[in-house]
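Here are my notes on this one, as numbered points. Have the coordinates open while you read.

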Amino acid sequence: MARSTKEEAQETRSRILDAAEEVFFTRGLAQTSLADVAVAADVTRGAIYWHFKNKSDLFDAMCERVRLPMETLLAIPTEKFAGDPLGHLRNSWIYLLRDASSNIRSRRILDIIFLKCELVDRNEPIWMRQHQCYLDGLANMERILTEAIHLRQLPEDLDTRLAAITLHSHVVGLLSNWLFSPSSFDLAAVAEPLIDTCLDSLRYAPALRIKKEQGV
């Protein structure tokens with residue numbers, strides 16, 4: 001029985017995405033053309049344009065195969081963490097780090113984003129997507145921290161903006177360092193204690209408190 005056109009189209013799309021992942025990982029984003037991807041996928045450039053508008057669209061589709069760091073915070077908390085915003089935050093970050101360590105696709109795509117994605121044009125759709133993802137994730141993290149304060153999981157005078165920036169910097173820095181030198185430490189092993197250390201800093205670090213005006 002002949003395979004449906006829809007199935008063939010989906011297979012071609014998947015093959016193009018696999019090829020893009022391989023070529024972007026090997027050559028870097030800026031040094032890769034759609035012609036390079038077509039050769040790697042053994043398809044015509046026309047086939048690529050049938051599925052994707054341009055390289056930015058292809059890159060975006062490739063990234064959607066995994067969650068980007070800040071996108072982990074946009075997920076709706078599972079029933080397990082209903083009423084536990086800090087638990088959701090902790091679980092999201094630990095999952096991200098362990099998935100990067102054990103999931104080859106996640107690791108390769110994050111490697112492309114962190115180490116092989118030359119973002120120089122702020123009007124470039126890829127840069128705009130990354131930037132918006134960062135802003136949305138940071139805002140959502142602040143919302144989670146605010147909710148945690150209301151539930152008395154964190155101090156009421158916590159500077160949520162500063163805390164969100166601090167936590168994001170710690171986690172993304174950790175992930176970036178590991179991607180740069182995976183053999184330097186076991187990411188899966190350190191994920192839980194380092195995330196707990198970051199969350200403890202939100203509870204106890206005086207520098208993360210809202211400064212009161214003198215005389216108030």
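Notes on the chain

1. Let's start with Arg 209, which sits in the segment after α9 (187-204). A word on provenance: this is a predicted model, where local features need pLDDT of at least 70, side-chain atom pairs count only at pLDDT 80 or more, and totals for chains, interfaces and linings use all residues. Residues are numbered from 1 along each chain as its sequence is written, and side-chain values use heavy atoms, with hydrogens and water left out. Helices (H or I, at least four residues) and strands (E, at least two) are DSSP runs, numbered from the N terminus.

2. Is Arg 209 buried or exposed? Arg 209 counts as buried because its relative accessibility is 14%; buried means under 20% relative accessible area, exposed over 50%, and partly exposed in between (1.4 Å probe, protein chains only). Its side chain reaches the backbone oxygen of Leu 202 at 3.2 Å. A polar atom of that Arg 209 side chain also lies 3.2 Å from the backbone oxygen of Ala 205.

3. Leaving aside residues up to four places away in sequence, Arg 209 touches Pro 155, Asp 157, Leu 158, Asp 159, Leu 202, Arg 203 and Tyr 204. Contact here means heavy atoms within 4.5 Å.

4. Next along is Ile 210, again in the segment after α9. Ile 210 has a relative accessible area of 47%, so it is partly exposed. With the same exclusion of residues up to four places away, Ile 210 touches Asp 157, Leu 158 and Asp 159. The C-alpha atoms of Ile 210 and Asp 157 are separated by 5.5 Å, though the two residues are 53 apart along the chain.

5. Now for a helix pair. Two packed helices are described by the angle between their axes and the distance between the axes. Helix α4 (residues 55-63) packs on helix α6 (residues 104-115) at an angle of about 135°, with the axes 10 Å apart. That makes α4 oblique to α6. Axes are lines fitted to C-alpha atoms, for helices over the stretch in contact, and angles run from 0 to 180 degrees between N-to-C directions. Under 35 degrees counts as roughly parallel, over 145 as roughly antiparallel, 65 to 115 as roughly perpendicular and the rest as oblique.

6. Which residues meet there? From α4 come Phe 59, Met 62 and Cys 63, and from α6 come Ile 109, Ile 112 and Ile 113. By class, this contact of α4 with α6 has 6 nonpolar, no polar and no charged residues.

7. Two backbone angles to check. Asp 42, in the loop between α2 (34-41) and α3 (45-51), has a positive phi of about 60° although it is not a glycine. Asp 42 is exposed, with a relative accessible area of 68%. Arg 152 is not a glycine either, and has a positive phi of about 65°. Arg 152 lies in the loop between α7 (125-150) and α8 (160-180) and is exposed, at 77% relative accessible area.

8. Finally, the whole chain. There are 9 helices and 0 strands. Buried residues make up 42% of the 216 residues. Of the contacts between residues at least 6 apart in sequence, 72% join residues at least 24 apart.

Key:
Polar contact = N/O pair within 3.5 Å; in protein donor to acceptor, adjacent residues only side chain to side chain. Nonpolar A, V, L, I, M, F, W, Y, C, P; charged D, E, K, R; others polar.
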